[in-house]
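Dear colleague,

Please find the structure we discussed set out below. My notes on what was found in it follow directly after.

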Amino acid sequence: MPPRFEKVLVLGSGALKIGEAGEFDYSGSQAVKALKDLGIRTILVNPNIATIQTSDYLADEVYLLPVSPYFVEQVIQKEKPNGIFLGFGGQTALNCGLALDQAGVFERYDVQVLGTSIQAIRETEDRDLFVRKLTEIGIRVPRSIATTALEDAIRAAHTIGYPVMLRSGYALGGLGSGLCTNDEELQQRVSRSLAHSPQVLVEEYLTGWKEIEYEVVRDRFDNCVTVCNMENFDPMGIHTGESIVVAPSQTLSNDEYHQLRSISIKVVRHLGIVGECNIQFALHPSSDDYRVIEVNARLSRSSALASKATGYPLASVAAKLGLGSSLVEMRNSVTASTSACFEPALDYVVVKAPRWDLQKFRLVSKRLGSGMKSVGEVMAIGRSFEEAFQRPCVCWILEFRASWEMRGSFNFEISNPSYAIHRMSESLPYQKLSNTVIQSSGSMSSPISTYGFYRESNTS
């Protein structure tokens with residue numbers, strides 16, 4: 001039997017911001033509900049009153065305080081919880097947990113970190129440790145060098161060779177990351193990144209590679225399942241939050257799917273993840289060569305999408321696994337009779353499309369990249385990719401109805417969606433796509449697309 005926890009502290013994600021918003025309210029609310037169902041007294045720290053999880057009918061005690069080490073320690077000192085969950089509050093909660101562990105708070109107050117251990121979290125967040133850990137089991141990762149100073153970053157870029165991708169450690173939403181083609185661009189990005197992150201990773205730029213994601217669940221008994229796999233419409237270099245995402249993947253062969261699935265399970269077991277995590281791959285478009293880009297040892301935007309797309313309650317399951325339950329003994333909440341140790345099979349297609357509100361930000365670039373700018377998303381379900389893809393397009397059209405420029409021609413454009421979407425593509429952020437696109441018939445065509453989504457390359 002798993003140990004009994006009388007009182008558990010859950011860290012929320014804090015204030016709403018780009019890259020950390022409603023999806024963490026969704027996962028946190030599911031976790032609090034799961035704890036409540038088990039009769040565990042739940043303490044929540046989240047300063048954002050405009051969330052479901054801060055409602056008075058969920059957590060037993062809610063502290064509307066910043067998710068920072070100082071305030072969380074005060075709550076721990078007062079409430080004296082047995083355990084704490086760090087995986088339901090996004091990057092903010094993870095960073096707070098790492099700082100509390102570094103300061104010895106958990107040991108001082110005898111608080112157990114539930115789910116994925118602090119060491120595993122540190123190995124996924126620290127880019128240097130992450131590369132070393134995966135290299136131990138022969139997993140391919142991009143050639144990279146972790147640095148903490150501008151001079152070291154420039155030397156690393158010369159060693160790897162331009163172009164390079166810059167990534168910030170312990171950061172959210174691709175903050176500070178981006179493509180660098182020369183020393184001047186690298187210097188600008190590194191200076192900005194080091195202002196809010198203690199570490200930057202300089203790595204090879206995988207131009208044109210596919211970006212694939214897997215949502216993986218593991219319990220403390222090493223039972224492991226992949227709940228959902230997703231494919232980005234855009235190639236590597238475009239943040240997942242900025243890209244159209246399709247579940248299940250549409251262009252992977254059966255061998256490629258199972259190859260990446262096996263690697264996902266191998267990585268998650270080696271890292272010692274307990275609960276749910278997201279693993280991101282870069283896959284070469286014309287071979288079976290791959291790279292593991294990162295592992296998020298927490299619930300993420302993709303986790304919320306996968307949970308809604310498959311009907312598998314990832315956050316609820318992750319909370320119970322963190323308390324020591326087994327996937328085999330846990331019941332499937334949908335059927336209430338079968339085990340939770342299964343992999344959903346979809347006979348439909350789910351498309352997630354981002355939503356931007358760039359007019360609120362003056363002088364912001366409309367070019368998509370590795371930094372997230374979108375403030376929301378639309379999820380659509382259809383029997384085919386074409387059907388599911390056109391539904392968020394209709395939402396975009398309806399949103400543009402309010403704009404003065406398109407108001408006069410709205411009725412014409414609703415009856416001519418190809419023209420309307422072409423008009424929208426002139427205002428939407430730019431992104432690099434391949435030189436062929438999918439038409440409504442599903443066939444491949446010239447760059448002059450029915451949807452008008454082909455745009456001039458900005459990274460070549």
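I begin with Glu231, which is located in strand S11. Please bear in mind throughout that this is a predicted model.

Glu231 is buried, yet it has no salt bridge. The nearest side chain of opposite charge belongs to Lys210, 4.6 Å away; a salt bridge would require a side-chain nitrogen of Lys or Arg within 4 Å of a carboxyl oxygen. Leaving aside residues up to four places away in sequence, Glu231 touches, among others, Lys210, Glu211, Ile212, Ser249 and Leu252.

Turning to the sheet, its seven strands are arranged in the order S14-S13-S10-S11-S12-S15-S16; the sheet is open and the pairing antiparallel. Strand S14 (290-296) and strand S16 (376-382) form the edges, each pairing on one side only. On average, neighbouring strands of this sheet are turned by 25° against each other, direction ignored.

Helix H9 (residues 254-271) packs on the sheet and touches S10, S11, S13 and S14. The direction of helix H9 makes about 50° with that of S10.

Finally, strand S10 (residues 210-218) and strand S13 (residues 275-283) run antiparallel and are joined by nine bridges. Within this pair, Tyr214 stands opposite Ile279 in S13.

Yours sincerely

Technical notes:
Residues numbered from 1 in each chain as written. Predicted model: local features only at pLDDT ≥ 70, side-chain atom pairs only at ≥ 80, totals over all residues. Heavy atoms only, no water. Pairing = 2+ DSSP bridges. Helix = DSSP H or I, 4+ residues; strand = E, 2+ residues; numbered from the N terminus. Axes fitted to C-alpha atoms, helices over the stretch in contact; angles between N-to-C directions. Contact = heavy atoms within 4.5 Å. Buried < 20%, exposed > 50% of the residue type's maximum accessible area, 1.4 Å probe, protein only. Lys, Arg positive; Asp, Glu negative; His and termini not counted.
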